[in-house]
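Let's take a walk through a protein model together. Keep the 3D view open and turn it as you read.

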Amino acid sequence: MSEGVAVELRRVTKIFGEVIALRDVSLEIKEGEFFSLLGPSGCGKTTSLRLIAGFELPTEGKVLISGEAMGQIPAYQRPVNTVFQSYALFPHMSVHQNVAFGLEMQHLSKGEIRRRVGEALDMVRLPGLELRRPKQLSGGQQQRVALARALVNRPKVLLLDEPLGALDLKLRKAMQLELKMLQHQVGITFIYVTHDQDEALTMSDRIAVMDHGLVLQVGTPHEIYERPAARFVADFIGETNLIPGQIVAIDRNVVQVGLPGSTLLKAPGVSGGVVGTQVTTGASASTKGAIAQIIAATAAASRMTTARPASA
Ligand SMILES: Nc1ncnc2c1ncn2[C@@H]1O[C@H](COP(=O)(O)OP(=O)(O)OP(=O)(O)O)[C@@H](O)[C@H]1O
Ligand SMILES: [Mg+2]
């Protein structure tokens, strides 16, 4: 195994009846990484998490955790915990009881349980509410309880399936920052599922962009944003607008592309282009200023580069 790999999917395919939920997916998630699975509804994000957690078994391929093939190892014996979108808190139990549940199953002493529950509630900044029931809490507070309940078991890997999905935008933004800080603080590997591009770009060390059961690109937010490897990725990430154009000149490694309205783009580093080739360009606002991206719509359809407007 490669050193420092927390979770590996090795050529995993998952088929449910007629549906191919994952197609030959290979991923390596490093220890301590904040790794996101990003893609539209139905692309296979939850299925990937469930395979890692052991709630499902692959049809083909392997799941490895810390280099160990999981095979048929059941969910409760895997060193991972999951935070679900629905929180799945026990409604009839207090906050304390919800968080303590997993520890009680392990028959730890009362003192140890109290100490660890207190610690976990501190981590998610939720002290003082131990005796409340879930329905007496706000959505954000319930979300924190769900997190505390997962963290209290000290998993090697925390799986988070759209954990902020039920929160309003403002709270979601605040919780994004908190989650990121928490992950930094506890040093646990986070595998985070979201269909929200902004969320993935802000929080992740690396992102896997998925579509239709395929992983299209794995990279840092910067790489995914600035150099999308496929048209779908460019389209899906942010405010990129795809505009058709035509290569009008090639000078060494700089390609000039004519766009409608006689705008000209310069694309350094494109190879294999031919004057007259139809291409697709995408202008996107990035942190570094306006950068336009070119997708060669030819044989090298997925080859991309960046270009700046010739006038800039
Ligand atoms: N138990 C199941 N039986 C049959 N099909 C399933 C099952 N679980 C998932 N699928 C199908 O597999 C595909 C991937 O589903 P998955 O839940 O992984 O998507 P997702 O990316 O999490 O989507 P969402 O963003 O909507 O949660 C979908 O087409 C879904 O209908
Ligand atoms: Mg899902």
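What follows is a tour of some sheets, some helices and a ligand. One thing to keep in mind from the start: this is a predicted model.

Let's begin with a sheet. Strands of a sheet pair through backbone hydrogen bonds, and they can do it either parallel or antiparallel. Here you'll find an open sheet of four strands, in the order 2-1-4-5, and the pairing is antiparallel. Which strands stand at the edges? Those are strand 2 and strand 5 (68-69), each with a single partner strand, so one side of each has no neighbour in the sheet.

Now bring a helix into view. Helix 1 lies across strand 1 (5-16), strand 2 and strand 4, and its direction is at about 115° to strand 1.

Helix 1 also takes us to the ligand. How many residues surround ligand 1? There are 13, and the closest are F16, A21, S41, T46 and T47. Where does this shell come from? Strand 2 (19-30) and helix 1 (45-53) each supply at least two of its residues, and helix 1 gives the most, with three. If you colour the shell by class, you'll get four nonpolar residues, eight polar ones and one charged one.

Next, hop over to another group of strands. Strand 3 (residues 34-38) and strand 9 (residues 206-211) run parallel, with four bridges joining them. One spot to look for is L37, which stands opposite A208 in strand 9. Strand 9 also pairs with strand 10 (residues 214-219), this time in the antiparallel sense and over five bridges. Here D211 stands opposite L214 in strand 10. Strand 9 and strand 10 form a hairpin with two residues between the strands, and in that hairpin H212 takes a positive phi near 45°.

Finally, let's see how some helices pack. Two packed helices are described by the angle between their axes and the distance between the axes. Take helix 2 (residues 95-105) and helix 4 (residues 139-151): their axes come within 7 Å and cross at roughly 30°. Angles under 35 degrees count as roughly parallel, and that is therefore how helix 2 and helix 4 are described. Their crossing is right-handed. Who meets whom? On the helix 2 side are V95, N98, V99 and G102, and they meet V145, A148 and R149 in helix 4. Sorted by class, this contact has four nonpolar, two polar and one charged residues.

Helix 2 has another packing partner to look at, helix 3 (residues 110-123). The axes of helix 2 and helix 3 are 10 Å apart, and the angle is about 125°. That makes helix 2 oblique to helix 3. The crossing of helix 2 and helix 3 is right-handed too. From helix 2 come H96, V99, A100, L103 and E104, which meet I113, R116, V117, A120 and L121 in helix 3. By class, the contact between helix 2 and helix 3 has seven nonpolar, one polar and two charged residues.

Definitions and conventions
Residues numbered from 1 in each chain as written. Chains lettered and ligands numbered in written order. Predicted model: local features only at pLDDT ≥ 70, side-chain atom pairs only at ≥ 80, totals over all residues. Near = placed C-beta within 6 Å. Nonpolar A, V, L, I, M, F, W, Y, C, P; charged D, E, K, R; others polar. Axes fitted to C-alpha atoms, helices over the stretch in contact; angles between N-to-C directions. Parallel < 35°, antiparallel > 145°, perpendicular 65-115°, else oblique. Left-handed = near helix turned anticlockwise from the far one by under 90°. Contact = placed C-beta atoms within 7 Å. Pairing = 2+ DSSP bridges.
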